[in-house]
Amino acid sequence: MTKKTYQLETLACPTCVTKIETVLKKTAGVDQSEVLFNSSRVKVSFDEATIDSEAIKRRIEDLGYKVVSVK
Ligand SMILES: [Cu+2]
């Protein structure tokens with residue numbers, strides 16, 4: 001399992017957290033995801049055989065949240 005942290009631009013409200021988590025939970029290959037509202041970070045653990053980091057980043061950005069950095 002691979003773990004990455006995606007730094008987003010400042011999240012405006014807690015609804016964003018639910019929105020991102022809901023989509024990531026339904027994404028094939030994603031094992032766990034957690035959105036940290038205060039730091040505007042998304043922590044994801046995923047199976048690289050099924051999905052790569054770039055696809056997860058795109059998934060988040062498709063929702064309208066810009067990913068500033070990934071580590
Ligand atoms: Cu919001």
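**Entry 1. Strand β3**

I began with strand β3, residues 41-46, and found that Val42, Val44 and Phe46 form its covered face, while Arg41, Lys43 and Ser45 form the uncovered one. In a regular strand, side chains alternate between the two faces of the sheet. I note that this is a predicted model, in which local features need pLDDT of at least 70 and side-chain atom pairs count only at pLDDT 80 or more, whereas totals for chains, interfaces and linings use all residues. I number residues from 1 along each chain as its sequence is written.

For the element names I rely on DSSP runs, numbered from the N terminus: helices are H or I of at least four residues, and strands are E of at least two. I count two strands as paired if DSSP finds at least two bridges between them.

**Entry 2. The sheet**

I looked up the strand order next. Four strands form an open sheet in the order β2-β3-β1-β4, with antiparallel pairing. The edge strands are β2 and β4, each of which pairs on one side only. The twist from one strand to the next averages 20°; axes here are lines fitted to C-alpha atoms, for helices over the stretch in contact, and angles run from 0 to 180 degrees between N-to-C directions.

I then went through the pairs of strands.

- β1 (residues 2-8) and β3 are antiparallel and share six bridges. Lys3 stands opposite Ser45, Tyr6 has Val42 as its bridge partner, and Gln7 has Arg41.
- β2 (residues 30-36) is likewise joined to β3 by six bridges, in the antiparallel sense. Val35 stands opposite Val42.
- β2 and β3 form a hairpin with four residues between them, and Ser40 in the turn has a positive phi of about 55°.
- β1 and β4 run antiparallel and are joined by three bridges. Leu8 has Val67 in β4 as its bridge partner.

**Entry 3. Arg41**

I asked which residues Arg41 contacts beyond its neighbours within four places in sequence. They are Thr5, Tyr6, Gln7, Leu8 and Leu36; I take two residues as in contact if their C-beta atoms, placed from the backbone, lie within 7 Å. Arg41 and Leu8 are 33 residues apart along the chain, yet their C-alpha atoms are separated by 5.8 Å.

I class a residue as buried if 20 or more other C-beta atoms lie within 10 Å of its own, as exposed if 12 or fewer do, and as partly exposed in between, with C-beta atoms placed from the backbone. Arg41 counts as partly exposed because it has 17 C-beta neighbours inside 10 Å.

**Entry 4. The nonpolar core**

I listed the largest nonpolar core, which has 12 residues: Tyr6, Leu8, Leu11, Ile20, Leu24, Val35, Val42, Val44, Phe46, Ile56, Ile60 and Tyr65. At least two residues of this core come from each of β1, α1 (14-25), β3 and α2 (53-62). The most come from β3, which gives three. By a nonpolar core I understand a set of buried Ala, Val, Leu, Ile, Met, Phe, Trp, Tyr and Cys residues joined through C-beta atoms within 7 Å.

I examined Leu24, which lies in helix α1. Leu24 is buried because it has 20 C-beta neighbours inside 10 Å. Not counting residues up to four places away in sequence, Leu24 touches Val30, Ser33, Val44 and Arg59. Leu24 and Arg59 are 35 residues apart in sequence and 7.8 Å apart in space, C-alpha to C-alpha.

Helix α2 lies across β1, β3 and β4, running at about 160° to β4.

In α2, I found Ile56, Arg59 and Ile60 buried. Viewed down the axis of α2, these buried residues fall within an arc of 95°, so they line one face of the helix; the arc is that of the directions from the helix axis to the C-beta atoms. An α-helix has 3.6 residues a turn, so residues three or four places apart point the same way. Glu54, Arg58 and Asp62 are exposed on the other side of α2.

I looked up what covers the buried residues of α2, and the elements include β1, α1, β3 and β4 (67-70). Apart from neighbours within four places in sequence, Ile56 is in contact with Val44, Phe46 and Ile51. After α2 comes Gly64, which has a positive phi near 105°.
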